[in-house]
Amino acid sequence: MVRFDDVGLRYAGPSGLGPQGPAPEVLRDVSFTLPQGSFHWLLGPSGAGKSSLLGLMHLALRPSRGEVEVLGQRLSQLRRGALPALRRRIGVVYQDFRLLPHLTVFDNVALPMRVAGRGEAQLRADVAEMLRWTGLAEKAGALPATLSGGEQQRVALARAVVMRPALLVADEPTGNLDGVQARRVLALLREMHRLGTTVVVATHAEALVAEHPAPALRMDEGRLVAHG
Ligand SMILES: Nc1ncnc2c1ncn2[C@@H]1O[C@H](COP(=O)(O)OP(=O)(O)OP(=O)(O)O)[C@@H](O)[C@H]1O
């Protein structure tokens, strides 16, 4: 479950100021609840605040005001030391993949498990399963630069879900892909939803949204203008 209650966000330096004085609020009065296991599109024009909203959801950002609750934990009440464990339950996929170029496909997908200190036997089994699921078993030893965009995004998706997150957020995950590859990535995101994960996908791809009707959060100028 994800709950935002009257959330505001400013990108300010430590002084609370932006370059031109008090930093403006890029998110304002945002309130919504996403039930566990739901699938939502996150829509809105460029600059509406979609990435900022996702950044709050996957705990890369903290709200300037209001409450963010993710997977039953209120951020305002969370001890700092508890943040990494909560983050591990959230998978993130970005438009630009963000793979580590010097690591193989296998090692990119294995990274979250290594960071979490998982044993090598479990890691090998889980990574292999994720590579099969994303159709990349043959590419385990390849470096990201030798893959197509669609393949790289599927590696990023495998890495995002290898820890079996309860929440998966994707920021324009199909923005750099052609129609066929975009559909393939979306099918995997929907499969995660079918398996019980809460999924939120920010996109400009109206055609993809039309093909896959689902509830949507719609942002405009930092406000949530529709939810349903
Ligand atoms: N790190 C940052 N520092 C300062 N301002 C930022 C930062 N990131 C985003 N913003 C501002 O916050 C507002 C919302 O940006 P955001 O990236 O969340 O929108 P978006 O809907 O995701 O846009 P797009 O669809 O183009 O990715 C914009 O005015 C943007 O300039």
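A residue is called buried if 20 or more other C-beta atoms lie within 10 Å of its own, exposed if 12 or fewer, and partly exposed in between, with C-beta atoms placed from the backbone. The model is predicted: local features need pLDDT of at least 70, side-chain atom pairs count only at pLDDT 80 or more, and totals for chains, interfaces and linings use all residues. Numbering runs from 1 along each chain as its sequence is written. Helices (H or I, at least four residues) and strands (E, at least two) are DSSP runs, numbered from the N terminus.

Helix H4 spans residues 120-133 and has 14 residues. From its first C-alpha to its last, H4 reaches 20 Å, close to the 20 Å expected at 1.5 Å a residue; the expected span is 1.5 Å times one less than the number of residues. Val-127, Met-130 and Leu-131 are the buried residues of H4. They lie on the same side of H4 because they cover an arc of only 100° around the axis, the arc being that of the directions from the helix axis to the C-beta atoms. Cover for these buried residues includes helix H3 (105-115) and helix H5 (149-161), where contact requires C-beta atoms, placed from the backbone, within 7 Å. The face of H4 turned away from the buried side carries the exposed residues Ala-121, Gln-122, Ala-125 and Arg-132. Just after H4, Gly-135 takes a positive phi of about 75°.

An open sheet of four strands has the order E4-E1-E6-E7, with antiparallel pairing; strands pair if DSSP finds at least two bridges between them. Its edge strands, each pairing on one side only, are tabulated here.

| Edge strand | Residues |
|---|---|
| E4 | residues 25-34 |
| E7 | residues 73-74 |

Strand E6 (residues 65-70) pairs with E7 in the antiparallel sense over two bridges, and Val-70 has Gln-73 in E7 as its bridge partner.

Note on methods. Contact = placed C-beta atoms within 7 Å.
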